[in-house]
Amino acid sequence: MPKRNRVRFGSAGIPHQCEGGSLEAIECSHDLGLGAMELEFVRGVKLKEENAKRLKPASEKFDVRLSAHAPYWVNCCATDKTKQETTKRNLLLSVQACQWAGARVAVFHPGYYQGKTSKECFKLTKSLFKKLKTQMSKHKIKGVKLGAETVGKKSQYGSLDECIELHHSVKEIMLVLDFAHLLSRGDWPCKNESDYSKLLAYVEKNAPGYMKDFHAHFSCINYSEKGERNHLPLEGKNPPPYKPLMKVLAENGYGGVIISESPKLEIDALKMQKEYLTHF
Ligand SMILES: [Zn+2]
């Protein structure tokens with residue numbers, strides 16, 4: 001039996017059954033029994049400074065750990081100047097809002113190959129982050145990470161190994177695991193306990209210390225040869241299975257946050273949490 005539960009669960013955005021905005025959703029998440037929530041900036045960072053600053057004390061009071069998801073328009077592999085500017089601006093706005101809100105990470109999808117190799121994308125990302133870093137220090141943004149999420153399609157830059165490489169090489173970047181995407185992109189099988197066990201051992205080996213406080217997304221997924229189609233709820237035989245993952249997380253004493261990106265947001269976050277807690 002593992003000694004302590006170290007994983008927090010939360011929803012991607014405001015839980016369906018919570019009324020009001022993000023502020024009310026923090027207390028509501030707490031009342032539902034959840035310990036995390038991801039702010040959704042996927043269609044633009046619209047959170048104003050004064051509202052963001054109200055989230056921090058609430059998240060501390062209700063013990064709900066915050067993170068955010070940066071806009072979808074980010075593409076670190078872009079060579080076009082305008083697109084590079086859009087990427088930098090959206091990443092900067094996301095980390096700025098995170099700093100105000102007391103969120104520890106702004107998750108982003110690294111980019112699209114569009115004919116470029118993985119190595120070229122890596123170089124472009126590195127140089128973009130060099131410029132972003134300057135802007136972040138100008139705005140006195142410290143301690144907030146940008147989370148390179150493992151992406152779901154083969155046309156996207158952001159495989160498990162590519163995200164691990166970014167985690168290693170760019171100080172401002174942390175790896176974010178999306179289990180459904182690892183499966184749909186063909187990066188890792190995620191079929192049973194042994195797959196999960198090997199996956200997390202691989203991550204721990206290549207990103208030492210990460211599994212003590214990881215950040216991850218979970219949902220089930222519908223996919224084709226090209227990868228991700230759409231997210232599915234944690235029901236029936238929808239892949240990947242969540243139960244063996246909960247067992248592996250509990251038994252290894254891994255710690256961190258799992259955000260439910262299922263269409264059933266908080267219902268499935270609670271479903272995972274319930275399963276996870278059966279191992280204590
Ligand atoms: Zn995402």
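Colleague: Why is Asn 90 called buried?
Modeller: Buried means under 20% relative accessible area, while exposed means over 50% and partly exposed lies in between (1.4 Å probe, protein chains only). Asn 90 comes in at 5%, so it counts as buried. Bear in mind that this is a predicted model, where local features need pLDDT of at least 70 and side-chain atom pairs count only at pLDDT 80 or more, whereas totals for chains, interfaces and linings use all residues. Residues are numbered from 1 along each chain as its sequence is written, and side-chain values use heavy atoms, with hydrogens and water left out.

Colleague: Where does Asn 90 sit, and what is it in contact with?
Modeller: Asn 90 belongs to helix H3, residues 81–101; helices are DSSP runs of H or I with at least four residues, strands are E runs of at least two, and both are numbered from the N terminus. Contact means heavy atoms within 4.5 Å. Leaving aside neighbours within four places in sequence, Asn 90 has contacts with Val 45, Pro 71, Trp 73 and Val 74. Ala 70, 20 residues away in sequence, has its C-alpha 7.0 Å from that of Asn 90.

Colleague: What makes a set of residues a nonpolar core?
Modeller: The members must be buried Ala, Val, Leu, Ile, Met, Phe, Trp, Tyr or Cys, joined through side-chain atoms within 4.5 Å. The largest one here has 80 residues, and Leu 177, Leu 249 and Ile 258 touch the most other members. Not counting residues up to four places away in sequence, Leu 249 touches Val 7, Leu 200, Met 211, Phe 214, Tyr 254, Ile 258 and Tyr 276. Apart from that core lies another, of five residues, including Ala 12, Ala 36, Val 257 and Ile 259. In soluble globular proteins, nonpolar side chains tend to be buried together.

Colleague: Which residues of helix H5 are buried, and what do they pack against?
Modeller: In H5 (residues 160–169), they are Leu 160, Glu 162, Cys 163, Ile 164 and Leu 166. Their packing partners include helix H4 (118–138), strand S8 (173–178) and helix H7 (193–206).
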